[in-house]
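Please look at the sequence and the structure shown here.

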Amino acid sequence: LEAGKCVTYDKQLRPGWRHITAVKRAGLLSLVVDGKRVARSSAFNPRDYDLSNRQPLRIGIGQHDYFNGKMRDLRIYKRALGEAEVRHLSKRR
């Protein structure tokens, strides 16, 4: 059963700062932790999902829990980053 598209990393993160990147590109969602892809969605047609809404973007609030930690250097891009760019950024911590 699929009720939408999402990616998740269902493991506890190691202590210390972690570099986390989420990328949506060409009908796939990817989640990258410290430069390594840890999850990828199945393929989908983005036109099949109406993501429009009037709600503000909320980062750190999940469906079942809240992010418990600190965030630093949060960035939102108007384009999908490539794998090499994500790896480069993850090494700049």
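S30 is buried, with a relative accessible area of 13%; buried means under 20% relative accessible area, exposed over 50%, and partly exposed in between, with a 1.4 Å probe and protein chains only. The model is a predicted one, in which local features need pLDDT of at least 70, side-chain atom pairs count only at pLDDT 80 or more, and totals for chains, interfaces and linings use all residues. Residues are numbered from 1 along each chain as its sequence is written, and side-chain values use heavy atoms, with hydrogens and water left out.

S30 belongs to strand 2. Helices (H or I, at least four residues) and strands (E, at least two) are DSSP runs, numbered from the N terminus. Apart from residues up to four places away in sequence, S30 touches V7, T21, A22, V23, R37, A39 and R40, where contact means heavy atoms within 4.5 Å.

Two strands pair if DSSP finds at least two bridges between them. Strand 1 is joined to strand 2 by six bridges, and strand 2 (residues 28–33) to strand 3 by four bridges.

Strands 1 and 2 form a hairpin with two residues between them, and A26 in the turn has a positive phi of about 50 degrees. R25 stands opposite L28 in strand 2. The loop between strand 2 and strand 3 holds G35, which is buried with a relative accessible area of 19%. Leaving aside neighbours within four places in sequence, G35 is in contact with R87 and S90. G35 and L57 lie 22 residues apart in sequence and 24 Å apart in space, C-alpha to C-alpha.

In soluble globular proteins, nonpolar side chains tend to be buried together. The largest nonpolar core here has five residues, V23, V32, L81, V86 and L89; such a core is a set of buried Ala, Val, Leu, Ile, Met, Phe, Trp, Tyr and Cys residues joined through side-chain atoms within 4.5 Å. Beyond its neighbours within four places in sequence, V32 is in contact with H19, I20, T21, R37, V38 and V86.

V32 also lines the second largest pocket, which has 14 lining residues, with R25, S30, V32, R37 and E83 nearest its centre. Strand 1, strand 2, strand 3 and helix 1 (83–90) are the elements that give two or more residues to this lining.

Taken as a whole, the protein chain has one helix and three strands, in the pattern β-β-β-α along the sequence. Of its 93 residues, 24% are buried. Its C-alpha atoms fill a box of roughly 35 × 30 × 25 Å, taken along the principal axes. Among contacts between residues at least 6 apart in sequence, 41% join residues at least 24 apart.

Key. 1 Å grid on protein atoms, 1.4 Å probe; cavity = no way out; pocket = protein on both sides within 12 Å on 5 of 7 lines; lining within 4 Å.
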